[in-house]
Amino acid sequence: MGEPTWTREKLQLLVQREIGDYKLIVVSNRQPYVHDLIGGELSYASPAGGVTTAIDPLMQECGGTWVAFGGGRGDWLAVDETNRIQVPPDDPSYTLKLVWLSEHQQQGYYYGFSNEGLWPLCHNAFIEPTFKTSDWEMYREVNREFATQVLDEIDGRPAAVFTQDYHLALLPRLLREADPDIITGQFWHIPWPTYEIFRICPWADELLDGLLGNDLLGFHIGDHCDNFMEAAARVLGSQVHDEYNLVYHKEDPTLVRQFPISVDFEGISLESQSPEVAAEAESLIEKMGLEDKIIGLGIDRIDYTKGIPHRIRAFGRFLEKYPQYIGKVVFIQAGVMSRTDIGAYQLLAEQVDEELEKVNSRFGMGDWAPIMYLPDDLPAVTLAAFRRMAHFCVVSSLHDGMNLVAKEYVASRFDEDGVLILSPFTGAASELTDAVIVNPYATDDFADAICEAVEMPYEMRHERMVGMRSVVEENNIYNWAARLFVDLMQGTRRSRRPIRSF
Ligand code: F6P
């Protein structure tokens with residue numbers, strides 16, 4: 001393969017040139033490094049999820065400050081008196097500034113409005129959103145608190161603020177009102193629903209007003225941009241210029257563009273080839289008795305949007321339809337528990353256990369089970385080893401903005417082998433067309449797709465994996481960030497600045 005268009009080094013040069021004297025600030029709910037305190041010992045870990053996976057490598061290259069909620073038990077011990085810490089802890093390259101939220105604030109803002117309201121609103125998973133006025137009030141309060149912290153960090157200097165995700169939809173407007181010279185951009189990491197769905201939110205207009213405080217607003221795919229622009233036109237009566245992807249609200253334009261997010265292809269590919277990952281894979285194969293098995297893999301946050309019960313049902317159906325594979329094909333489902341304070345997530349955990357029990361009791365033998373469920377926060381080296389070992393990886397989301405697990409699997413297959421089974425309801429499906437695409441609701445088709453992956457001849461696996469790797473290698477995370485930066489610094493209100501070529 002040739003050299004990818006965008007590398008860490010090229011991005012660093014671009015950001016230095018584009019940012020110039022502007023201070024770069026990333027803001028998100030979730031922090032990239034969480035500190036824990038176990039038996040008086042301070043440790044740290046990177047949380048699961050797209051924001052950390054995508055943004056941390058960029059910040060490591062570009063420097064600046066990342067402002068996030070300090071949710072770790074050991075965070076207060078790790079920070080200095082200004083609530084800042086240099087990260088990554090092993091080799092610091094940027095500043096992390098933590099914002100403290102009370103239990104009451106977290107309940108209303110994070111569990112409540114963000115994850116019981118906006119999350120189900122934006123994902124077609126048939127979970128009814130809950131909209132409580134008290135949660136909304138708390139969401140507004142916490143967005144104001146983030147604005148205060150960001151403005152304190154900016155301290156009147158020229159700054160570009162890059163906000164992440166749905167927890168902070170009101171922040172850009174607050175920043176613009178405080179200082180119209182701040183450059184504001186936001187990436188919405190989840191889908192944006194159709195107008196018919198979005199308008200059920202009682203505060204639809206305020207959310208749109210907040211987001212239209214951005215100079216640039218990014219989504220993974222064009223459909224989400226179109227949905228957003230339709231909502232702005234129909235809810236707020238904003239002027240939308242489809243041909244330029246511009247929305248005018250309160251006289252100011254917001255550029256709405258698609259930026260399909262990605263992963264650090266090269267970093268993951270190299271990690272997968274490391275002796276540590278090879279040794280871990282060898283030891284896992286031995287410990288788990290996988291020597292002569294065909295291995296399927298799922299890695300997810302345990303979330304109802306990921307289609308985990310659907311996947312387990314399909315694997316059971318596969319063993320039923322193709323009994324010659326009983327005892328020969330195993331499925332490893334790794335996952336980290338998530339948002340467990342919310343009823344829908346507790347229900348999901350029960351559903352997963354029930355589906356597992358059905359398949360494992362029917363097709364298991366003695367203490368051997370065809371599905372190995374590991375709902376733990378596994379170390380990165382173990383996840384990398386699983387990706388390297390797996391003959392096929394399943395991503396069966398019912399709805400997903402992008403899904404980086406799919407791209408991580410492809411990036412880790414330096415051996416150019418392995419099959420990706422992918423839901424068409426992920427953003428990734430529009431790029432990874434060499435995957436085996438299957439509807440997770442169609443259990444029989446899904447079972448056949450697993451059989452197709454198991455039986456696919458090497459030449460075809462190789463050809464399809466090479467195709468997918470070249471897509472992820474080219475559209476890597478640095479490409480994503482470079483396109484975003486250029487649009488952020490040169491787009492819309494900034495267009496009066498001379499356009500520089502790169
Ligand atoms: O990908 C969507 C997202 O909300 C990310 O913002 C986040 O990193 C991930 O899901 C994990 O969610 P949470 O931060 O609630 O654990």
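## A loop residue with positive phi

D165 lies in the loop that connects β7 (159–164) to α6 (171–178); helices (H or I, at least four residues) and strands (E, at least two) are DSSP runs, numbered from the N terminus. Although D165 is not a glycine, its phi is positive, about 75°. With a relative accessibility of 7%, D165 counts as buried, where buried means under 20% relative accessible area, exposed over 50%, and partly exposed in between (1.4 Å probe, protein chains only).

The model is a predicted one, in which local features need pLDDT of at least 70 and side-chain atom pairs count only at pLDDT 80 or more, while totals for chains, interfaces and linings use all residues. Residues are numbered from 1 along each chain as its sequence is written, and side-chain values use heavy atoms, with hydrogens and water left out.

## Other backbone features in loops

N403 also has a positive phi, about 85°, although it is not a glycine. This residue is found in the loop between β16 (392–395) and α15 (404–412), and its relative accessible area of 6% makes N403 buried.

The peptide bond from V87 to P88 is cis, with omega near -10°. P88 belongs to the loop between β5 (84–87) and β6 (94–99).

## Domains and nonpolar cores

The domain assignment gives domain 1 (8–262 + 479–495) and domain 2 (265–474); such bounds come from an automatic or database domain assignment. The centres of the two domains, taken over C-alpha atoms, are separated by 30 Å. Their contact (heavy atoms within 4.5 Å) takes 28 residues from domain 1 and 24 residues from domain 2.

The largest nonpolar core has 88 residues, and those with the most contacts inside it are F146, L207, F228, F318, F392 and I421. A nonpolar core is a set of buried Ala, Val, Leu, Ile, Met, Phe, Trp, Tyr and Cys residues joined through side-chain atoms within 4.5 Å. This core draws at least three residues from each of domain 1 and domain 2. Apart from it lies another core, of 79 residues, with A54, W368, V472 and I477 among them. Leaving aside residues up to four places away in sequence, I421 touches F392, C393, V394, V395, V436, V438, F446, A449, I450 and A453.

## Helix α11 and its surroundings

Helix α11 (residues 275–287) contains 13 residues and reaches 18 Å from its first C-alpha to its last, close to the 18 Å expected at 1.5 Å a residue; the expected span is 1.5 Å times one less than the number of residues. Its buried residues are V277, E280, A281 and L284. Seen down the helix axis, the buried residues of α11 fall within an arc of 100°, so they line one face of the helix; the arc is that of the directions from the helix axis to the C-beta atoms. On the face turned away from this buried side, α11 carries the exposed residues P275, E282 and E286.

The cover over the buried residues of α11 includes α10 (265–272) and α14 (380–389). T382 is placed in α14 and, at 7% relative accessibility, counts as buried. Not counting residues up to four places away in sequence, T382 touches E280 and L284. Just after α11, G289 takes a positive phi of about 65°.

## Strand pairing

An open sheet of six strands has the order β15-β14-β13-β16-β17-β18, with parallel pairing; two strands pair if DSSP finds at least two bridges between them. At the edges stand β15 (371–374) and β18 (436–437), each with a single partner strand, so one side of each is left without a neighbour in the sheet. Within this sheet order, β13 and β14 are listed side by side. Eight bridges join β13 (residues 294–301) to β14 (residues 329–336), and the two run parallel. G296 stands opposite F331 in β14.

Strand β12 (residues 252–258) is joined to β9 (residues 216–219) by four bridges, and these strands run parallel. L217 stands opposite V256 in β12. Four bridges also join β12 to β11 (residues 246–249), but here the strands run antiparallel. The bridge partner of Y248 is P253 in β12. The hairpin of β11 and β12 has two residues between the strands, and K250 takes a positive phi near 50° there.

## The segment before α1

T7 is placed in the segment before α1 (8–19). At 8% relative accessibility, T7 counts as buried. T7 and S43 lie 36 residues apart in sequence and 31 Å apart in space, C-alpha to C-alpha.
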